[in-house]
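Open the model in your viewer and keep the sequence panel beside it. This tour moves from one selection to the next.

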Amino acid sequence: MTTKERAKSLSLLLIALIALAFVPINVKAQNPNEIVIGIVTDRTGALSYYGDMSINGFILGLMYALEIPSFETVTPNLEWKLNWQGKTIHIIAATNVPAGQQIPDPATATKAAEDLIQNKGAEILVGCSDSPSAIALTQIAQKYKVVFLVVPAADHEITKTYLNRYVFQISSTTWHDAIAGGTFATTLGKTVAFLAPSNSWGRSTVDAWSTIIQQKGGSVVAAIYAPVTTTDFTPYIQSLLASKAEVFIPVWSGATALTLYQQINASGVYQKMKVTSGIPDLATLNLLKMGLYLPNYKGMMKYAWNLPQNNPVNDWLVSKYVELYKKKALPTMGSVLLAFPLPDLFVGEGFVAGHALGLALKKTGGSTDSEKLINALEGLTFTSVKGDIKIRKEDHRTVQDMYIAQIVWDTTSLAKYYTEQDLPDLYKPLLKIGMFAPQYIDTIKSVTPPVEVNLYPPQQQPTQPTQPAQPQQPAQDFTLYIVLAIIVLVIVLATVLLLRRKPKK
């Protein structure tokens with residue numbers, strides 16, 4: 001090869017490397033007949049049951065929307081396949097809980113999401129049970145340009161401070177909870193006190209509820225925060241009682257919620273204040289006996305099998321769920337805790353997400369191109385298990401129904417669906433003696449959260465969305481560009497040396 005030929009080859013390589021530097025990071029599955037969906041949620045740990053509910057609802061919602069009769073479990077609790085119009089929908093779940101621990105971790109969630117995208121070909125992300133993990137994944141969605149459906153994480157900051165055009169918060173947010181629950185709280189009294197975990201979800205919940213309570217003529221006399229790992233609530237309860245509030249709103253979930261309610265009950269709070277908040281899941285009410293510590297409890301609830309009224313979509317979900325449960329064939333029968341026999345709290349939220357994605361895939365003809373999916377999801381309206389749903393274009397939040405219910409002792413509902421032989425041993429006592437369950441009081445129709453960030457401000461054209469400010473973003477990684485610059489420099493120097501080299505005589 002002559003010197004000029006070598007120089008030409010090096011120049012072509014240089015052009016290719018420069019072009020590579022401008023290719024966006026966006027890893028996609030190579031099989032055109034496969035749609036890969038990655039779910040990042042708790043597969044172990046204290047919130048694993050939340051992950052189970054979300055996965056069961058999501059897959060059943062996808063089946064309903066796309067009229068898919070069945071699914072294949074590839075790996076129990078982690079991997080499933082569905083067939084739709086000649087394509088395989090491959091769903092892969094990964095945990096965001098570090099090995100040997102109980103609490104989800106945003107860094108673990110980030111690694112799990114990147115592994116799903118880079119190594120398993122995930123084209124769409126779904127998750128998480130906790131808001132900090134979901135916040136971390138908003139940045140992954142933007143980095144890799146993949147659509148991220150948030151469910152059931154509720155922190156409204158996800159679609160405020162951390163919103164980008166790839167993020168859709170399908171689950172009800174802390175604003176939905178506040179509009180339904182805060183409005184109800186002001187019917188019980190006008191002075192209110194909160195006790196909440198000192199994390200993003202706890203603080204955003206208190207902020208949202210406080211806004212609604214003040215709008216309804218109430219006042220917040222105490223907002224008390226405690227570490228999420230607290231087990232002795234005595235000093236916080238003492239501060240609560242000292243506030244002399246008429247209404248107490250506990251904002252708590254997870255492993256220590258039972259301890260909190262036990263200590264509230266023992267401290268005489270129910271005798272001095274009205275207590276209301278979100279009603280927890282059925283497993284917590286019954287298996288942990290939390291219902292014993294919630295006397296005559298009324299409050300807001302996101303979903304339970306019996307709360308949607310005259311809703312054919314919910315009728316389908318309950319029927320399909322029971323059918324699969326009897327066969328021990330739900331998508332997940334429980335990674336840690338056995339699935340409850342009836343659709344529970346986050347099954348409904350997960351179903352709405354699966355339903356929405358299925359309708360979007362119909363609109364795109366099965367394409368998972370992010371721009372096409374965004375266009376299909378923005379402004380999407382449909383009737384699902386939580387009534388009429390609208391995914392707003394401007395901020396990717398949903399309009400959806402919420403519920404007010406009362407916890408009662410229910411001795412008949414399980415018997416409508418199951419015999420003793422149908423149920424696992426864990427739940428047979430509930431059939432015989434009864435269970436704590438929500439009793440429907442009211443539907444808060446079409447709960448509409450405020451628009452806090454607009455992706456499409458009026459002065460901008462719809463095709464050129466403005467990105468909201470995103471504080472706490474990690475520093476941009478320039479490693480790729482530095483490496484390419486070094487390679488380019490080496491090639492340029494080599495080319496110059498070759499061109500200047502005199503041929504031997």
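Buried means under 20% relative accessible area, exposed means over 50%, and partly exposed lies in between, with a 1.4 Å probe and protein chains only. This is a predicted model, where local features need pLDDT of at least 70, side-chain atom pairs count only at pLDDT 80 or more, and totals for chains, interfaces and linings use all residues. Residues are numbered from 1 along each chain as its sequence is written, and side-chain values use heavy atoms, with hydrogens and water left out.

**Whole chain**

Start with everything shown. The protein chain has 15 helices and 16 strands. Helices (H or I, at least four residues) and strands (E, at least two) are DSSP runs, numbered from the N terminus. Of the 505 residues, 55% are buried. Take contacts, meaning heavy atoms within 4.5 Å. Among those between residues at least 6 apart in sequence, 72% join residues at least 24 apart.

**Strand β1**

Select residues 34-40, strand β1. Here 7 of 7 residues are buried. In a regular strand the side chains alternate between the two faces of the sheet. Colour E34, V36, G38 and V40 for one side of β1, then I35, I37 and I39 for the other; both faces are covered.

I37 has I91 as its bridge partner in β4.

**Helices α2 and α11**

Select residues 48-66 (α2) and 312-326 (α11). Their axes come within 11 Å and cross at roughly 120°. Axes are lines fitted to C-alpha atoms, for helices over the stretch in contact, and angles run from 0 to 180 degrees between N-to-C directions. On the α2 side, show L60, M63 and Y64; on α11, show V313, W316, L317, K320, Y321 and L324. These residues make the contact. By class, the contact has 8 nonpolar, no polar and 1 charged residues.

**K390**

Finish at K390, in strand β14 (residues 387-391). Is K390 buried or partly exposed? K390 is partly exposed, with a relative accessible area of 40%. Show L380, T381, R397, T398 and V399: K390 contacts them, leaving aside its neighbours within four places in sequence. Last, pick A356, 34 residues from K390 in sequence and 9.6 Å away, C-alpha to C-alpha.

Terms used:
Nonpolar A, V, L, I, M, F, W, Y, C, P; charged D, E, K, R; others polar. Pairing = 2+ DSSP bridges.
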